Amino acid sequence: MRLEPRKRPHQQRSAATVDAILEAAARILERKGLDALTTNAVAELAGVSIGSLYQYFPGKAAILAELIRRERLILLAGIDRIAHAPGDSLKDDVCSLIRIAVAHQLLRPALARALEYGEATLPLGPETAKLTNELVRYMATLLERHGVSKVMEAAHDLVALAKGMIDAAGIAGESDQRVLVDRVCRAALGYLEYPVSSIH
């Protein structure tokens with residue numbers, strides 16, 4: 001199973017073609033689910049020939065993998081902005097990071113759910129581990145800023161806690177960002193033994 005694109009776009013026109021293919025795949029996943037994702041369906045919705053699609057992707061697994069990568073990059077970009085704009089307190093920093101993660105999950109919830117299921121069908125273990133390490137690194141930076149002890153242990157635990165709660169909420173079809181942020185923040189701050197009388 002080949003998961004890498006055949007080639008990366010270098011010109012604006014080819015980049016637009018790849019974007020159209022990925023967005024078409026995203027819409028199919030949102031509307032009809034993983035079983036409906038075929039190269040023919042993607043090409044038709046994207047408005048490109050099947051030959052053009054195969055110039056960039058060897059099959060639907062590669063399209064799905066690239067879509068997962070795209071969504072991960074969007075998440076990391078949002079978190080990176082938080083990491084470089086520190087808040088006034090541990091609560092501010094941790095909850096800001098959680099808000100970014102929740103907003104990303106619930107922006108296109110049907111797509112997020114489909115990608116969760118799709119990811120389980122692909123051998124993306126090393127890439128997933130790299131993403132987790134990046135998230136842990138960001139969390140550790142925030143915790144270290146506020147003098148939290150056992151920084152790496154706490155960062156690993158908090159990333160696992162937040163990811164588990166946010167993914168479960170997405171799979172369950174939750175849509176209220178404020179409620180989910182409040183719940184995850186309370187759990188994270190409770191782990192850190194931080195007063196949680198008011199999250200917002």
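Predicted model: local features only at pLDDT ≥ 70, side-chain atom pairs only at ≥ 80, totals over all residues.
Let me begin with a word we will need: a residue is called buried when its relative accessible area is under 20%, exposed when that area is over 50%, and partly exposed in between. With that in hand, please look at Asp93, which has a relative accessible area of 1% and is therefore buried.

What does Asp93 touch, if we do not count residues up to four places away in sequence? The answer is Ile82, Pro86, Gly87, Leu142, Arg145 and His146.

Now turn to Ser89, which sits in the loop between α4, residues 60–83, and α5, residues 90–107. Is Ser89 buried or exposed? Its relative accessibility is 16%, and because buried means under 20%, Ser89 counts as buried.

Let me step back to the whole chain. The protein chain has nine helices and zero strands, so if you read along the sequence, the pattern is simply α-α-α-α-α-α-α-α-α. The C-alpha trace spans about 60 × 30 × 30 Å along its principal axes, and buried residues make up 44% of the 200 residues in the chain. If we take the contacts with a separation of 6 or more, 68% of them are between residues 24 or more positions apart.

The domain assignment divides this chain into domain 1, covering residues 8–58, and domain 2, covering residues 67–193. Eight residues from domain 1 and 10 residues from domain 2 take part in the contact. The centres of the two domains, taken over C-alpha atoms, are separated by 28 Å.

On the side of domain 1 that touches domain 2, the residues divide into five nonpolar, no polar and three charged. As for a particular salt bridge you can find in the model, the side chains of Glu23 and Arg70 meet in one, at 3.5 Å from N to O.

Finally, let us look at Glu4, which lies in the segment before α1, residues 12–32. Its relative accessible area is 40%, a value between the cut-offs of 20% and 50%, and so Glu4 is partly exposed. Not counting residues up to four places away in sequence, Glu4 touches Pro58, Ala62, Arg69 and Glu127, and the side chains of Glu4 and Arg69 are joined by a polar contact of 3.2 Å. How far is Glu4 from Leu75 in sequence and in space? They are 71 residues apart in sequence, and 20 Å apart in space from C-alpha to C-alpha.

Terms used. Residues numbered from 1 in each chain as written. Heavy atoms only, no water. Domains from an automatic or database assignment. Contact = heavy atoms within 4.5 Å. Salt bridge = Lys/Arg side-chain N within 4 Å of Asp/Glu carboxyl O. Nonpolar A, V, L, I, M, F, W, Y, C, P; charged D, E, K, R; others polar. Helix = DSSP H or I, 4+ residues; strand = E, 2+ residues; numbered from the N terminus. Buried < 20%, exposed > 50% of the residue type's maximum accessible area, 1.4 Å probe, protein only. Polar contact = N/O pair within 3.5 Å; in protein donor to acceptor, adjacent residues only side chain to side chain.
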